[in-house]
Structures are given as C-alpha cells and as structure tokens.
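Good morning, and thank you for coming. Please look at the sequence and the structure on the screen while I describe what was computed from the atoms.

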Amino acid sequence: MGSKKNFVLDTNVMLHDFDCLSNFEDNDVYIPITALVELDKFKKGSEQINYNAREFVRKLDILTSDDFYLKGASLGEGKGILHVVTGTKYHEKVAASFPERIPDHLILSCVMTVSDMHPKIKTILVTKDINMRMKARSLGILVEDYNKDKVQNINIFESSEETYTDIDSSFIDSIYAKPEGVAIKVFREKYPRIELVPNDCFVLESERNSVLVRYNPFTESVRKIEKGTPNYGIQARNTEQKFALDILNDPDIKLIGITGKAGTGKTLLALASALKQSKLYKQILLARPIVALANKDIGYLPGNEKEKVTPYMQPLFDNLNVIKGQFPANSMEARNIDEMQKNNQLVIEALAFIRGRSLTDTFCIVDEAQNLTPHEIKTIITRTGEGTKMVFTGDIQQIDSPYLDMQSNGLAYMVDKMKGQKLFAHVNLVKGERSELAELAADLL
C-alpha cells in the first residue's frame with residue numbers, strides 16, 4: 001500500500017459517489033466543513049445528485065459519534081480515520097492568489113492547513129473538478145482525480161468494425177449456407193486466433209468473399225448478419241449500422257451500448273428498431289439527462305416542469321420526425337406513431353421523470369448517456385423489470401458535465417464492466433451518415 005497519506009475530499013467527490021469514504025484503504029480522510037455546507041444545497045430534490053448528497057450525510061451520521069470532533073472516526077477495520085476540518089484560518093498562501101473566499105478557495109485553504117499540520121505526510125486533494133485541480137497545482141498542492149470508477153482502456157471507443165483476413169473462402173461459404181450459423185466449437189477449432197466475446201460483431205474476409213457475422217452466445221454459434229427489411233423505413237447505410245441493428249433487433253440482448261460521434265445514427269437506429277418491435281413491448285420510452293447550458297439551472301426557464309424540459313428533449317423529437325418523414329402523412333406507419341404517442345405507448349421525457357420507476361415490458365432508450373455517472377447508470381439499469389430492453393447511446397467525446405471525462409462517465413463504465421456478458425452488446429459507430437457537411441465538421445472542427 002505504500003506510506004500513509006492524507007486525502008482531502010472536494011464536494012463533487014461525495015456527490016459523485018456517496019460511498020467514496022470506503023475507497024481510501026488505510027489512509028486518513030479529511031472533509032472540509034465548507035464541503036458539508038455545500039452538501040446542504042443538494043439534499044432536496046429527486047435527481048441522482050440529491051440522492052447522493054442525502055446518502056453521504058447518512059453514512060457520516062452512522063460513522064460518527066459525540067466525541068468525533070476530538071479524535072475523528074474509524075472508517076472500518078484496516079482503514080484510516082475520518083476527520084472534519086473546522087474553524088481554520090484562511091491560509092495566507094491561498095489568500096495571496098485567491099482573495100475571494102468562495103467554497104473552492106476555502107477547500108484549498110483547508111488542504112494547506114492539513115498539510116501544515118502533518119508536514120511529514122503527503123496531503124492530497126481529491127476532486128473531479130478539472131479547474132480546481134489546476135488551481136491546486138498552481139499553489140503546489142498535490143491533487144488527484146477520483147479514480148475508483150475510471151475506465152483504463154478506451155480504445156474500444158475509437159475503432160470501427162474488426163476485420164479478420166486470410167479466412168478460407170469455403171468456410172465463409174459454409175456460413176452463408178447455414179442460417180443458424182457455424183457452431184462455436186467448430187469456429188474455435190478452425191480459427192483459435194480470433195477471440196470470441198459474446199455478441200461481438202466482426203467481418204470475415206477471404207481473397208474471394210467476405211461476410212458480416214456475430215457471435216451469438218445463446219445459440220453458441222457464429223452466424224451471418226442479415227441485411228433484413230428496413231426498420232420503420234430506416235435502413236443501415238454502413239457495416240457498423242448493420243451491426244447495431246442486428247443487436248438492437250435481437251430480443252435476447254437486454255442491455256446495449258451504442259457509442260459514436262454526432263451524426264452516426266445512434267439514437268435514430270435505436271428508435272427505428274424499437275418501433276419495429278413495438279408489439280413486443282408495452283411501451284417505448286426515450287429519455288435523456290438534462291445538463292443545463294451556461295451553468296444555468298432549468299428553473300430560470302418559463303413554464304411548468306414539463307414545459308421547462310421540452311427544449312432539451314427536442315433532439316429526440318427530431319429523430320422521431322426523421323422516421324415519420326419516411327412515410328406519407330396519411331400512411332399506416334405515420335398514423336401508428338401518432339396513435340402510440342397519444343396512448344402513451346411512445347413517450348419522450350427527461351430522465352429525471354423516470355427515476356424511481358420500475359420499467360417492465362419497456363424498450364427504453366437513454367440518449368446522451370455519457371453525461372451520466374457510473375452510479376446513475378447502475379441506478380437506471382437496476383430499475384429494469386421483466387421483458388425490458390435498455391439501450392444507452394452517447395458520444396464520450398462530447399461530455400457536458402464538468403465532473404466527468406472520457407474515462408469516468410457512466411456510459412464508458414457500463415461498456416467496460418458489462419463486456420463479455422450474454423445479455424450485453426456494444427457497437428461503436430465511426431462513420432457519420434447525417435450529411436457530408438456534418439461528417440466533415442465532426443472530423444475537422
């Protein structure tokens with residue numbers, strides 16, 4: 001474990017993971033009193049961040065006793081001691097650079113005070129705020145991100161489809177000839193170099209022919225991916241989209257992650273697949289988290305709660321309109337979509353409105369999932385009831401939350417942890433299909 005350290009926690013760490021206190025091994029943990037004051041602002045509300053604030057305070061209450069202020073509290077067997085730092089003088093080194101006594105600067109002052117109290121022990125600020133880390137480094141303060149739920153390997157979000165060459169033409173012919181696919185045992189004996197992960201899609205290529213395939217763990221076979229009929233007027237335009245529709249249309253796969261840059265068709269494909277399978281589910285639910293722009297809360301917007309969030313939901317309505325636009329206004333398909341919306345069989349709403357519900361027989365699509373924390377993703381998935389399919393879409397390079405990055409967001413975390421499970425599949429879309437201009441902007445700007 002190395003030499004013992006002192007960790008001072010920023011408020012955003014507690015709001016990110018209410019169980020964070022259990023993750024510092026035998027090191028001591030210090031909480032600035034300023035952070036507890038900030039937690040008070042988040043205790044009321046139905047968002048995940050409000051739940052985390054309440055849970056963290058409850059855990060503090062369990063850990064502490066009346067003599068806490070004298071000797072701190074044990075974090076458990078083999079772990080360190082918890083302290084709350086109160087009544088410290090505003091550190092002169094912080095005051096010289098940051099005279100304004102806002103919460104961030106008071107926390108920095110607390111770190112320096114703890115460091116002065118224990119000069120022989122490394123004192124480290126833990127914060128998920130990038131700018132806070134820069135302020136700390138400018139003062140010579142040791143600082144770290146909260147790394148418990150960080151994904152180390154993000155290469156899977158950069159590549160497109162996997163292609164295996166030097167495959168026997170006759171073997172590819174046999175895959176075309178067998179709708180049920182080639183048995184996994186036969187495939188592994190023939191090509192042991194190819195690692196097979198449940199629901200992985202890839203390309204097999206010979207000098208003469210090629211085939212798109214998926215390893216189906218339920219049938220224990222590698223089978224050809226069929227082009228199939230359009231999904232409510234939406235047809236795959238490239239290999240990656242064919243992979244995505246194949247897993248989206250498989251009722252056995254209950255959890256799906258679809259990643260990719262803007263314009264690759266993530267949400268459109270998911271919605272089109274949901275509409276195609278509408279008879280299998282009681283409801284199709286599209287939701288997205290609300291991340292207010294320009295650091296403004298949605299409370300400043302006019303209207304009631306539903307009206308306030310409507311502008312944030314517009315991209316989901318846009319995808320629905322694209323699908324409706326594939327058909328004449330009086331067509332059976334267009335009328336069916338309108339009827340589903342009228343009867344609440346097709347619902348588009350903010351993610352906050354579905355928290356706490358148990359989702360049964362639902363095709364649920366969560367858009368912009370890169371703006372969720374790992375704990376939020378877990379909370380949503382654990383609400384899944386019988387007969388429900390969950391699809392999370394997002395672009396990990398377009399994160400709006402100031403406390404998440406490509407490695408710590410919930411979408412990347414889910415894909416990393418679920419990889420290899422029978423009920424899970426992931427496809428990364430690389431090629432943009434919105435327009436030539438959109439693709440150019442996504443690549444160059």
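**Overall picture**

Of the 445 residues in the protein, 50% are buried, where buried means under 20% relative accessible area, exposed over 50%, and partly exposed in between, with a 1.4 Å probe and protein chains only. This is a predicted model, in which local features need pLDDT of at least 70 and side-chain atom pairs count only at pLDDT 80 or more, while totals for chains, interfaces and linings use all residues. Residues are numbered from 1 along each chain as its sequence is written, and side-chain values use heavy atoms, with hydrogens and water left out.

The protein has 16 helices and 17 strands; helices (H or I, at least four residues) and strands (E, at least two) are DSSP runs, numbered from the N terminus. Along the principal axes, the C-alpha atoms fill a box of roughly 75 × 55 × 45 Å. Among contacts with a separation of 6 or more, 70% are between residues 24 or more positions apart, a contact being heavy atoms within 4.5 Å.

Let us begin with H105, in helix 6 (residues 103-117). Is H105 buried or exposed? H105 counts as buried because its relative accessibility is 5%. A polar atom of the H105 side chain lies 2.6 Å from the backbone oxygen of E100; a polar contact is a pair of N or O atoms within 3.5 Å, where within protein one must be able to donate a hydrogen and the other to accept it, and residues adjacent in sequence count only if both atoms are side-chain atoms. Leaving aside neighbours within four places in sequence, H105 is in contact with Y90, V94, F98, E100 and K135.

K135 is one of the buried residues of helix 7 (residues 130-138), together with M132, R133 and A136. Seen down the axis of helix 7, these buried residues fall within an arc of 160°, so they line one face of the helix; the arc is that of the directions from the helix axis to the C-beta atoms. They pack against helix 6, strand 5 (122-126) and strand 6 (142-144). At the N-terminal end, D129 caps helix 7, with a side-chain oxygen 3.0 Å from the backbone nitrogen of N131. After helix 7 comes G140, whose phi is positive, near 80°.

Helix 10 (residues 239-248) is largely enclosed by the rest of the structure, because eight of its 10 residues are buried. Its N-terminal end is capped by N238, which has a side-chain oxygen 3.1 Å from the backbone nitrogen of E240. L248 is among the buried residues of helix 10.

L248 also belongs to the largest nonpolar core, of 42 residues, where L248, L271, L275, I284, I323 and L346 have the most contacts inside the core. A nonpolar core is a set of buried Ala, Val, Leu, Ile, Met, Phe, Trp, Tyr and Cys residues joined through side-chain atoms within 4.5 Å. Helix 11 (residues 266-276) gives the largest share of this core, seven residues.

**A contrasting residue**

Finally, I49 lies in helix 3 (residues 48-63). I49 is partly exposed, as its relative accessible area is 33%. Beyond residues up to four places away in sequence, I49 touches L15 and F42.
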